[in-house]
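Please read the report below alongside the sequence and the 3D structure. It is written for a reader who has not seen this structure before.

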Amino acid sequence: MSANFDILTQRYVVQFECIADRCEDDCCGGWNIPVKPSDESRLLAALGPTKLVQHIVRTPNSAQAPAAMKLCSNERCSLQGSDGLCQVHSKHGQQALPDICADYPRRLVQVDNRLEITAALSCPEVSRLVLFSEDALAFEHGDPSMLPRPKPAQRMLTRSSSYYEPVNDVRSFLIQLLTLPHYTLKERLLMLAFFAKSTRSFFHLEAEGNLGPPLLQSMQNFSNSAFRAELINAFSGEEIPSHLGMSLVERVLHLSTSLRKQPKFTGLIAKAVTTYFDGDSPERPTRVVWEMYREREARMLDTFGDEFELIFGNFAIHFVMHAPYTNSENLLTYAILLLSQIAMQKFLLVSYPGADRDIESLRKAAVEVIYQCQRTFLHTEILPHLYGDLKDNGYVTGAGAMLLTKF
Ligand code: SF4
């Protein structure tokens with residue numbers, strides 16, 4: 001990861017182009033679309049005052065913006081046409097869109113003294129570009145023209161400058177661990193979890209002073225191949241406890257009934273979960289589902305192991321760049337968030353009907369699983385609930401994070 005770029009981006013962002021009417025989804029549903037005063041002026045010029053009031057709602061209590069686009073009962077933006085396309089865009093052009101619609105799925109953030117452009121996996125086209133290519137996440141020079149609305153970037157925030165100061169070194173190190181050659185992804189994730197555990201006592205949001213020396217010490221341990229081998233060896237016999245796996249499965253089962261505002265996501269879960277049930281056994285215990293899942297996973301990894309490594313390895317690197325650790329209270333919380341997302345998505349991918357047919361089916365399923373999950377994680381409380389489940393079961397610990405790498 002180069003710190004010398006004025007604007008840093010990655011290959012998939014350079015390659016990205018919205019595929020509009022060829023897209024299997026749209027960007028207009030299920031979430032709050034903030035309308036800032038400058039967005040409102042643009043919409044007013046395009047739509048006129050009468051139409052404008054029909055399509056925005058006032059949100060005086062929102063910290064984001066004083067208004068938002070009105071959503072219909074199906075949770076789509078009220079300006080989405082029956083063809084699924086945005087009427088503002090099609091009739092008035094991109095210049096009339098609110099900033100967030102114009103830029104999505106790209107995002108410009110200031111990190112230290114550099115700007116970064118990344119893009120969200122909640123867009124299926126971004127998922128396609130990121131997940132299956134060895135060099136999708138290679139670093140590239142960015143350019144303001146890559147964003148329709150280049151504007152002063154949001155700064156990556158944290159209350160503690162001590163926690164923020166080594167941001168480039170820490171992210172580089174996490175990526176270094178995630179790309180170490182000759183290790184499996186599970187082994188690389190184990191090293192990341194162990195590093196997070198070893199920094200928990202001194203590297204956190206409330207920390208003060210110079211955190212560089214103890215951080216460097218924790219990082220240096222990993223430059224020693226004997227240290228890495230010992231760590232991997234010590235955990236090689238460990239298996240994920242079935243009740244940890246089952247609590248995740250239960251959370252997924254619960255979601256199929258509780259998220260009415262995310263019909264595509266609940267449809268995805270229903271599709272995956274019904275593969276564990278049949279007419280004779282409509283109510284299999286979670287323990288049986290877990291055992292069936294483990295058998296399927298072993299079979300799929302036999303055939304598609306390399307593809308799983310690529311998909312979830314790229315997912316993890318994208319996570320480090322797009323969702324920086326400074327948003328979490330410490331690296332252990334951050335690692336657990338990453339690992340629980342991988343676990344939930346992997347469960348859905350292994351369970352997806354027909355994903356094991358061939359590589360094309362697996363990739364198609366992976367895009368659907370990951371973009372749908374990322375949309376839902378962004379706009380619901382699933383991840384905090386999942387984190388709460390792990391905490392209640394005593395897994396928000398260094399040992400818990402390391403066990404999650406076995407999922
Ligand atoms: S989800 Fe992505 S590819 Fe699809 S319409 Fe939106 S920006 Fe374009």
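## Basis

This is a predicted model, in which local features need pLDDT of at least 70 and side-chain atom pairs count only at pLDDT 80 or more, while totals for chains, interfaces and linings use all residues. Residue numbers start from 1 along each chain, as its sequence is written.

## Domains

The chain is assigned domain 1 (28–103) and domain 2 (159–407). These bounds come from an automatic or database domain assignment. Between the C-alpha centres of domain 1 and domain 2 the distance is 35 Å.

Tyr104 and Pro105 are joined by a cis peptide bond, with omega about 5 degrees. Pro105 sits in the loop between α5 and β5 (106–111). Helices (H or I, at least four residues) and strands (E, at least two) are DSSP runs, numbered from the N terminus. Ala20 is not a glycine, yet has a positive phi of about 40 degrees. Ala20 belongs to the loop between α1 (11–15) and β2, and it counts as partly exposed because it has 13 C-beta neighbours inside 10 Å. As a rule, most residues other than glycine have a negative phi, and most peptide bonds are trans.

The exposure terms follow one count: a residue is buried if 20 or more other C-beta atoms lie within 10 Å of its own, exposed if 12 or fewer, and partly exposed in between, with C-beta atoms placed from the backbone.

## Helix α2

In helix α2 (residues 37–47), the buried residues are Asp39, Leu43 and Leu47. They lie on the same side of α2, because their arc around the axis is only 50 degrees. The arc is that of the directions from the helix axis to the C-beta atoms. Exposed residues on the other side of α2 are Pro37, Ser41 and Ala45. The buried residues of α2 pack against β2 (34–35), α3 (49–55), α4 (87–92) and α5 (99–103); contact here means C-beta atoms, placed from the backbone, within 7 Å. Just after α2 comes Gly48, with a positive phi of about 85 degrees.

Helix α8 (residues 167–178) has 12 residues and reaches 17 Å from its first C-alpha to its last, close to the expected 16 Å. The expected span is 1.5 Å times one less than the number of residues. Which residues of α8 are buried? They are Val170, Phe173, Leu174, Leu177 and Leu178. Their arc around the axis is only 135 degrees, which puts them on the same side of α8. The cover over these buried residues includes α9 (185–199), α10 (212–221) and α14 (286–322).

In the loop between α8 and α9 is His182. His182 has a positive phi of about 70 degrees although it is not a glycine. With 7 C-beta neighbours inside 10 Å, His182 counts as exposed.

In helix α17 (residues 382–392), Ile382, Leu386 and Leu390 are buried. They are on the same side of α17, because they cover an arc of only 75 degrees around the axis. The exposed residues Pro384 and Asp392 are on the face turned away from that buried side. Gly394 follows α17 and has a positive phi, near 75 degrees.

## Pairs separated along the chain

| Pair | Separation along the chain | C-alpha distance |
|---|---|---|
| Ala270 and Tyr352 | 82 residues | 9.7 Å |
| Arg375 and Phe265 | 110 residues | 8.7 Å |
| Lys91 and Ala46 | 45 residues | 8.7 Å |

Ala270 is part of helix α13 (residues 263–273) and counts as exposed, with 12 C-beta neighbours inside 10 Å. Arg375, in helix α16 (residues 359–379), is buried, with 23 other C-beta atoms within 10 Å. Lys91 is in helix α4 and is partly exposed, with 13 other C-beta atoms within 10 Å.

Definitions and conventions:
Two residues are in contact if their C-beta atoms, placed from the backbone, lie within 7 Å.
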